[in-house]
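Please keep the sequence and the structure in view while reading.

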Amino acid sequence: MKTKTLTSAQLTELQHCIQRINDILGLSITIADPHTPHRSHSGSRKRTAHRVTTATFTYRWLSTAPQRITTLYQHLLRAQWIASDTNPDDFFSLFEGKDSHARIKWTGSNLQLSYLIRVLTDQSYITTPQGIGKWTCVYNHFVDKNNRQLPKLNSLHVPIKSKMAIEQLAELLNPHR
């Protein structure tokens, strides 16, 4: 087998390609550049791999008011917070409490998604299966506009500008209002 030596530019491009593939697959593998000095782990940011699951949220009033999920879907489309080509059945499946491979392309800000999920779970409008956290469900079923897994959402703050709009969207799932 013949060995080929890569130039620095080729090596860098290869590393970028591999990192993009890892991002798409949700892997946290990093390849060290042999041309740069090794940094200690104490100063570097460590990327954590998220647990893979097909588990979904369960809408509290699924059996009595399933149309509320459709209403939320329509409002998110109008707000342009989910992609216009989002399949309504895929969106609905995220709240049935059954396993699903559906992925929703979130086009709003990460802060908006984070706060929406936080409000929906805090109000007990949606729940997660035993042993599965809400952020695990989000990481496995929502992607950004480039089809990449979203970054840490659990550490984001409350959005000032869209706080009221998000709370009104959350109330769409409450059949008693």
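## Surface and overall make-up

The accessible surface of the chain comes to about 11,400 Å², and 53% of this belongs to carbon and sulfur atoms. The model is a predicted one, and buried residues make up 36% of the 177 residues in its chain.

Six helices and four strands are found in the chain, and from the N terminus on they follow the order α-β-α-α-β-α-β-α-β-α. Among contacts between residues at least 6 apart in sequence, 70% join residues that are at least 24 apart.

## Helix α5, an enclosed element

Helix α5 spans residues 134-141, and because seven of its eight residues are buried, the helix is largely enclosed by the rest of the structure. The buried residues are Trp135, Thr136, Cys137, Val138, Tyr139, Asn140 and His141. Their cover includes the strand β2 (104-105), the helix α4 (110-122) and the strand β4 (142-143).

## Helix α6, a helix with a buried face

In helix α6, which covers residues 163-171, the residues Ile166, Leu169 and Ala170 are buried. Seen down the axis of α6, these buried residues fall within an arc of 100°, and they therefore line one face of the helix. An α-helix has 3.6 residues a turn, so residues three or four places apart point the same way.

On the other side of α6, Met164 and Gln168 are exposed, whereas the cover over the buried residues of α6 includes α2 and α4.

## The largest nonpolar core

In soluble globular proteins, nonpolar side chains tend to be buried together. In this chain the largest nonpolar core has 38 residues, and those with the most contacts inside it are Leu76 and Phe91. The elements that give two or more residues to this core are α2, α4, α5 and α6, with the largest share, six residues, coming from α4.

Leaving aside its neighbours within four places in sequence, Leu76 is in contact with Trp81, Ile82, Phe91, Trp106, Leu116 and Leu169.

## Thr70 in helix α2

Thr70 is found in helix α2, which runs over residues 67-78. Is Thr70 buried or partly exposed? Its relative accessibility is 36%, and Thr70 therefore counts as partly exposed, since the class of buried residues is limited to those under 20%. The C-alpha atom of Thr70 is separated by 8.3 Å from that of Phe91, a residue 21 places away along the chain.

Note on methods: Residues are numbered from 1 along each chain as its sequence is written. This is a predicted model: local features need pLDDT of at least 70, side-chain atom pairs count only at pLDDT 80 or more; totals for chains, interfaces and linings use all residues. Side-chain values use heavy atoms; hydrogens and water are left out. Buried means under 20% relative accessible area, exposed over 50%, partly exposed in between (1.4 Å probe, protein chains only). Contact means heavy atoms within 4.5 Å. Accessible areas come from the Shrake-Rupley method with a 1.4 Å probe; for residues, only the protein chains shown count as cover. The arc is that of the directions from the helix axis to the C-beta atoms. A nonpolar core is a set of buried Ala, Val, Leu, Ile, Met, Phe, Trp, Tyr and Cys residues joined through side-chain atoms within 4.5 Å.
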